[in-house]
Amino acid sequence: MKKLRELYRPIEKNFSEYIKVDDLHEIYFEESGNPNGKPIVFLHGGPGCGTSPDCRRFFDPDFYRIILFDQRGSGKSRPKACLKDNNTDAIISDMEKIRERLNIDKWIVFGGSWGSTLALSYAIKHPEKVIGLILRGIFLGRQEDIDWIYQEGGASNIFPDKWENFISIIPENERKDLIKAYYKRLTGQDEKVKIEAAKAWSIWEGSITTLKPSEKVTEDFSDEDYAINMASIECHFWVNHMFRENMNYILDNAHIIKDIPTHIVHGRYDMDCRFIGAYLLSKKLNKVNLDITISGHSSMELEIIDSLIKASENFKKLYQE
């Protein structure tokens with residue numbers, strides 16, 4: 001059996017800053033790795049999850065100039081859990097401001113889950129700025145992708161016990177539209193109700209992200225601050241249909257990015273973001289490597305770490321072409 005690649009050694013950031021992108025939002029970003037290295041930007045999931053120091057460890061710090069940032073309302077960005085002016089195109093605009101602030105001409109874009117949605121949306125809008133894409137756990141943002149997670153008949157059939165906990169706080173007469181029901185609670189004035197809803201939402205999603213049950217994941221997703229950030233921002237995006245009139249936006253515009261080198265890592269048994277999304281996307285791209293792992297959704301599953309490290313190593317060649 002071959003030895004799986006592991007995350008690179010822990011590293012400290014070179015520096016971090018805030019960039020004020022409008023009258024309300026200040027975006028946290030940081031650089032680590034080689035200041036003169038080849039730029040790669042990490043897009044976190046959620047939306048709303050934020051970054052952590054471990055996000056730096058998918059990349060060779062001697063080769064890459066590693067850029068992390070927390071999207072609007074997420075992580076260290078301010079204001080925390082803010083929904084106002086928080087939408088897909090605004091985050092893409094923030095990425096451009098960060099790229100320009102750092103005097104980066106082009107970069108590799110790395111994103112998982114919602115981060116893959118954002119990476120693809122960014123590349124479609126700014127293909128000339130993208131050297132390559134490394135994507136994990138493809139989420140296309142279609143209504144069927146959202147319904148799979150948040151309406152009965154999808155992941156609920158695989159995790160009926162966890163689903164029961166998710167719907168237990170919503171009265172039966174509101175369960176036909178659980179996203180709307182949760183949004184009402186997550187944006188209401190009752191702080192106790194908001195926290196209860198945020199934790200139920202976050203724990204449900206966390207419970208379906210790994211192939212095998214993980215106490216650490218459950219603990220992380222139970223954290224009150226993390227849950228409020230993720231649940232409120234995710235629900236905000238889903239109730240607003242990703243802020244796209246056409247929810248098939250990525251597949252319909254994939255021709256724009258068909259010649260950008262792309263490496264997709266997707267767990268065959270991903271119950272959060274179904275493999276069909278990665279498969280359909282791969283069929284529309286000319287320069288794609290589809291790496292199917294025997295795993296679930298989480299970026300911290302050993303097989304996925306191995307495949308993502310392999311991708312970041314292989315992509316070094318892009319800078320030599």
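In this predicted model, E224 lies in helix α8. E224 counts as partly exposed, at 36% relative accessibility. Leaving aside neighbours within four places in sequence, E224 is in contact with I195 and K199. Its C-alpha atom is separated by 9.4 Å from that of S202, a residue 22 places away along the chain.

**Helices α6 and α8**

The contacts of E224 belong to a helix pair. The axes of helix α6 (residues 191-207) and helix α8 (residues 224-239) come within 8 Å and cross at roughly 85 degrees. An angle of 65 to 115 degrees counts as roughly perpendicular, so α6 is described as roughly perpendicular to α8. On the α6 side, the contact is made by I195, A198, K199, W201, S202 and E205. On the α8 side, the residues are E224, Y226, A227, I228, M230, A231, E234, C235 and W238. Sorted by class, the contact of α6 with α8 has 10 nonpolar, one polar and four charged residues.

**The sheet**

Eight strands form an open sheet with mixed pairing, in the order β1-β2-β4-β3-β5-β6-β7-β8. Its edge strands are β1 (13-20) and β8 (288-293), each of which pairs on one side only. On average, neighbouring strands of this sheet are turned by 20 degrees against each other, direction ignored. Helix α1 (residues 88-101) packs on the sheet, touching β1, β2 (26-33), β3, β4 and β5. The direction of α1 makes about 125 degrees with that of β1.

Strand β3 (residues 38-43) is mostly covered, with five of its six residues buried. Strand β4 (residues 64-69) and strand β5 (residues 107-112) both pair with β3, as listed below with the pairing of β5 and strand β6 (residues 130-136).

| Strand pair | Sense | Bridges |
|---|---|---|
| β3 and β4 | parallel | five |
| β3 and β5 | parallel | four |
| β5 and β6 | parallel | six |

**Nonpolar cores**

The largest nonpolar core has 76 residues, of which L133, W201 and L281 touch the most other members. Helix α8 gives the most to this core, with eight residues. The third, L281, touches L120, L135, I138, I250, L251, A254 and I264, not counting residues up to four places away in sequence. Another core, of 25 residues, lies apart from the largest one. Among its members are I11, F63, Y64 and F315.

**L102**

L102 is found in the loop between α1 and β5. Is L102 buried or exposed? Buried means under 20% relative accessible area, and L102 has 8%, so L102 is buried. Not counting residues up to four places away in sequence, L102 touches F15, F29, R65 and I67. The C-alpha atoms of L102 and N240 are separated by 32 Å, and the two residues are 138 apart along the chain.

Technical notes:
Residues numbered from 1 in each chain as written. Predicted model: local features only at pLDDT ≥ 70, side-chain atom pairs only at ≥ 80, totals over all residues. Heavy atoms only, no water. Buried < 20%, exposed > 50% of the residue type's maximum accessible area, 1.4 Å probe, protein only. Helix = DSSP H or I, 4+ residues; strand = E, 2+ residues; numbered from the N terminus. Pairing = 2+ DSSP bridges. Axes fitted to C-alpha atoms, helices over the stretch in contact; angles between N-to-C directions. Parallel < 35°, antiparallel > 145°, perpendicular 65-115°, else oblique. Contact = heavy atoms within 4.5 Å. Nonpolar A, V, L, I, M, F, W, Y, C, P; charged D, E, K, R; others polar. Core = buried A, V, L, I, M, F, W, Y, C linked by side-chain atoms within 4.5 Å.
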